[in-house]
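Here are my notes on the model you sent over. Have it open while you go through the points.

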Amino acid sequence: MKKLMSLALAACCAATLAAPAIAQNAADYPKKSIKIVVPFPAGGTSDVLARLVGQKLTAAWGQPVVIDNRSGANGNIGADQVAKSDPDGYTLLLMDMGNLTLSPTLYPKLPFSPVRDLVPVTMLAYSPHLLVTTNSLPVKSQAELVNYSKANKNKLNFAAAAGTGSATHLAGVLFAQKTGADWGYVPYRGGAQALNDLIGGQIDVTMNGMVATYPHVKAGKIKLLAVSSAKRLPQLPDVPTVSEMIPGFVTGSWQGVMAPAGTPKPIIDKLNKEMAAIVRMPDVREKMTALGAEAQTNSPEEFGAWMKTEIANWAKVISDANIKLD
């Protein structure tokens, strides 16, 4: 009994000593450069936001922020790397959370669990998908697109901008399920590559994040038919939503930040507070609005609850489409 009491006292003392140490680590954090892994190629939505946030973090904390693009497998290669990294706050994941909520259903052999092996930091931004076509396609509305695809069966190609099973691919699948649109899917490693082929006419149609896509629309290089937000965008009041044709249809790019599970809560909270402050900065909001993104932050707990709900919702869409990936 005396030995057990001694062990319990030692454990209590160790926990008491550890708590101030963690707090001190958070107060001193960061002491070196931070790596933000973006699991998609440079030029896409996640990459644009990561570089914007990284510059502001460097300015605030005086430490370099390195953006590491690790593309492939719908973001799972980069996410897996972060999940297996040291939980010290120096390796973070910034990506379209839509993709991450699809992976548990799509990949039976997924080498990590987004819920178990990663911890939410904060959501950063939401931007809708844009339904866009190559300029040469003879359609002017989403209804005309659907009718044209039915009249030209097996001829249209839809770019799955971040690969088969990606959020943009599933947005196209959901659109086709609801409307009967007829097209095949061509997988890409990232949105930037898909948009280049759409501009060049090698691909007919896609749905992709607004941050990366709208500049090409504005430049007249591709044709915008609709946005996937719940309401029309203030900056594009004449562009209809997909939900005006398909009630309840809302998809998009929910950009968020996660860290390896086990990262000390004080460090998570410090990152959450600083990143939330960054996306509220007037110059950041201005840049995001110009690109079609809306600042959207939350607590780590709220973020985690959102992820669990999205995983359940998309599981049905994937099951109905009978999509499974190795």
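How many helices and strands does the protein have? There are 11 helices and 10 strands, counted as DSSP runs (H or I over at least four residues for helices, E over at least two for strands) and numbered from the N terminus.

1. Ground rules. This is a predicted model, where local features need pLDDT of at least 70, side-chain atom pairs count only at pLDDT 80 or more, and totals for chains, interfaces and linings use all residues. Residues are numbered from 1 along each chain as its sequence is written, and side-chain values use heavy atoms, with hydrogens and water left out.

2. Confidence. The average pLDDT (the predictor's confidence in each residue, from 0 to 100) is 89, and 92% of the residues score at least 70. Where pLDDT is low, the predicted coordinates should not be read in detail.

3. Overall dimensions. A compact globule with 326 residues would have a radius of gyration near 20 Å, and the protein's 22 Å agrees with that. The radius is taken over C-alpha atoms, and the globule rule is 2.2 Å times the number of residues to the power 0.38. Along the principal axes, the C-alpha trace spans about 85 × 45 × 30 Å.

4. Burial and surface. Of the 326 residues, 55% count as buried, where buried means under 20% relative accessible area, exposed over 50%, and partly exposed in between (1.4 Å probe, protein chains only). The protein exposes about 14400 Å², and carbon and sulfur atoms supply 56% of that. The areas come from the Shrake-Rupley method with a 1.4 Å probe; for residues, only the protein chains shown count as cover. If you take contacts between residues at least 6 apart in sequence, 78% join residues at least 24 apart.

5. Helix 5. Which residues of helix 5 (residues 142-151) are buried? They are Gln-142, Leu-145, Val-146 and Ser-149. Looking down the helix axis, these buried residues fall within an arc of 95 degrees, so they line one face of helix 5; the arc is that of the directions from the helix axis to the C-beta atoms. They pack against strand 4 (118-134), helix 6 (167-179), strand 7 (205-209) and strand 8 (222-227).

6. Helix 7. In helix 7 (residues 191-200), Gly-191, Ala-194, Leu-195 and Leu-198 are buried. Their arc is 100 degrees, so the buried residues line one face of helix 7. That set packs against strand 4, strand 5 (157-160), strand 7, helix 8 (210-218) and strand 8. Just after the helix, Gly-201 takes a positive phi of about 90 degrees.

7. Strand 6. Gly-184 lies in strand 6, and so does Pro-187, with the strand covering residues 184-187. Gly-184 is partly exposed at 28% relative accessible area. Leaving aside neighbours within four places in sequence, Gly-184 is in contact with Leu-156, Asn-157 and Phe-158, while Pro-187 is in contact with Ala-160, Gly-163 and Thr-164. Gly-184 and Lys-155 are 29 residues apart in sequence and 7.7 Å apart in space, C-alpha to C-alpha. Pro-187 and Leu-110 are 77 residues apart along the chain, with their C-alpha atoms separated by 19 Å.

8. Salt bridges. Side chains of opposite charge can pair when their charged atoms come close. The rule used is a side-chain nitrogen of Lys or Arg within 4 Å of a carboxyl oxygen of Asp or Glu, and the count comes to 11 salt bridges. One of them joins Asp-80 and Lys-84, with the closest N and O atoms 2.4 Å apart. Asp-80 is buried at 17% relative accessibility, whereas Lys-84 is exposed at 54%. Another pairs Asp-117 with Arg-116 at 3.2 Å, N to O, and Arg-116 is exposed at 57%.

9. Asp-269 and Lys-265 form a salt bridge at 2.7 Å between the closest N and O atoms. Why is about one helical turn between Asp-269 and Lys-265? Because they are four residues apart in helix 9 (residues 265-279). Asp-269 is partly exposed at 34%, and Lys-265 is partly exposed at 41%. Elsewhere, salt bridges that share partners join Lys-35, Asp-68 and Arg-70 into one network.

Conventions: Contact = heavy atoms within 4.5 Å.
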